[in-house]
Amino acid sequence: STIDLRQAISPCTLSDGGFYGSISGTARTIEFLYQANVVQGTSSTDVRSDLLPMMDRQLVQGILPLLFPDQCSGRLRNLRAIAPREARKLQGGEPKIIGIGSQILDLATNADDLPCAVANGGDCYTIQGYMTAFAENVLTDDEASELVLPAIQAYLKGGLTTIDPRIISVNYVVRDETNNNGG
């Protein structure tokens, strides 16, 4: 009998609609920025129509073991410690993410205040990323972001570069708080 190693490594997979976990509770929008270096000559149309949908789905899939370590096993080390343990207790219990998905497609942006560092002679795109997190005991999008962004940042340190040969590197962007209007 053959064992499906993908299932043995990570039993967590996204639904066809791009979601994992419970889609109940309060839906919170998580916004973040990342930069992708792609092989020179990769058109912006290819980035938008081919690469972004693949990267979007893989990013959500990739953070599942980080957000749901008890339900998802994986080769990635358990990074539960990144989630802010000092998260305040709210009435009804500790804030937690119970589901995650990609409802809004990530967008390649022209952020003039975020210069893109080109690697290996490629082309660089700054990407506005979005995820929808379903949460319990979370009052704002910012609180949900505090729980999800560390997982995104950790995954982007080594993820996404193997899904397509046109992707050279992907880096999480920490935006200067003075330029961020919050949300």
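This is a predicted model: local features need pLDDT of at least 70, side-chain atom pairs count only at pLDDT 80 or more; totals for chains, interfaces and linings use all residues.
Where does Asn137 sit? Asn137 is found in the loop between β5 and α3. Its backbone is worth a look: Asn137 is not a glycine, and yet it has a positive phi of about 60°.

Now the overall layout. The protein has three helices and six strands. Read from the N terminus, the order of the elements is α-β-β-α-β-β-β-α-β. There are 183 residues in the protein, and buried residues make up 43% of them. On contacts, take those between residues at least 6 apart in sequence: 82% of them join residues at least 24 apart.

Next, the helix pair. Two packed helices are described by the angle between their axes and the distance between the axes. Here the pair is α2, residues 44-67, and α3, residues 141-156. They pack at an angle of about 110°, and their axes are 9 Å apart. That angle makes α2 roughly perpendicular to α3. The crossing of α2 past α3 is right-handed.

Which residues make the contact? On the α2 side they are Gln58, Leu59, Gly62, Ile63, Leu66 and Leu67. On the α3 side they are Leu147, Val148, Ala151, Ile152, Ala154, Tyr155 and Leu156. Sorted by type, the residues of this contact are 11 nonpolar, two polar and no charged.

In soluble globular proteins, nonpolar side chains tend to be buried together. The largest nonpolar core in this model has 40 residues. Which of them touch the most other members? Those are Ile63, Ile100, Met131, Val148 and Ile152. At least two residues of this core come from each of β2 (26-38), α2, β3 (96-101), β5 (123-136), α3 and β6 (167-173). The element that gives the most is α2, with 10 residues.

Three of those names have come up already: Ile63 from α2, and Val148 and Ile152 from α3, are also in the helix contact.

What is Ile152 in contact with, leaving aside its neighbours within four places in sequence? The partners are Ile30, Phe32, Leu59, Ile63, Met131 and Tyr172. Of these, Leu59 and Ile63 belong to the α2 side of the helix contact, while Met131 and Ile63 are among the core residues that touch the most other members.

Note on methods: Residues are numbered from 1 along each chain as its sequence is written. Side-chain values use heavy atoms; hydrogens and water are left out. Axes are lines fitted to C-alpha atoms, for helices over the stretch in contact, and angles run from 0 to 180 degrees between N-to-C directions. Helices (H or I, at least four residues) and strands (E, at least two) are DSSP runs, numbered from the N terminus. Angles under 35 degrees count as roughly parallel, over 145 as roughly antiparallel, 65 to 115 as roughly perpendicular and the rest as oblique. A crossing is left-handed if the near helix is turned anticlockwise from the far one by less than a right angle, and right-handed if clockwise. Contact means heavy atoms within 4.5 Å. Ala, Val, Leu, Ile, Met, Phe, Trp, Tyr, Cys and Pro count as nonpolar, Asp, Glu, Lys and Arg as charged, and the others, Gly among them, as polar. A nonpolar core is a set of buried Ala, Val, Leu, Ile, Met, Phe, Trp, Tyr and Cys residues joined through side-chain atoms within 4.5 Å. Buried means under 20% relative accessible area, exposed over 50%, partly exposed in between (1.4 Å probe, protein chains only).
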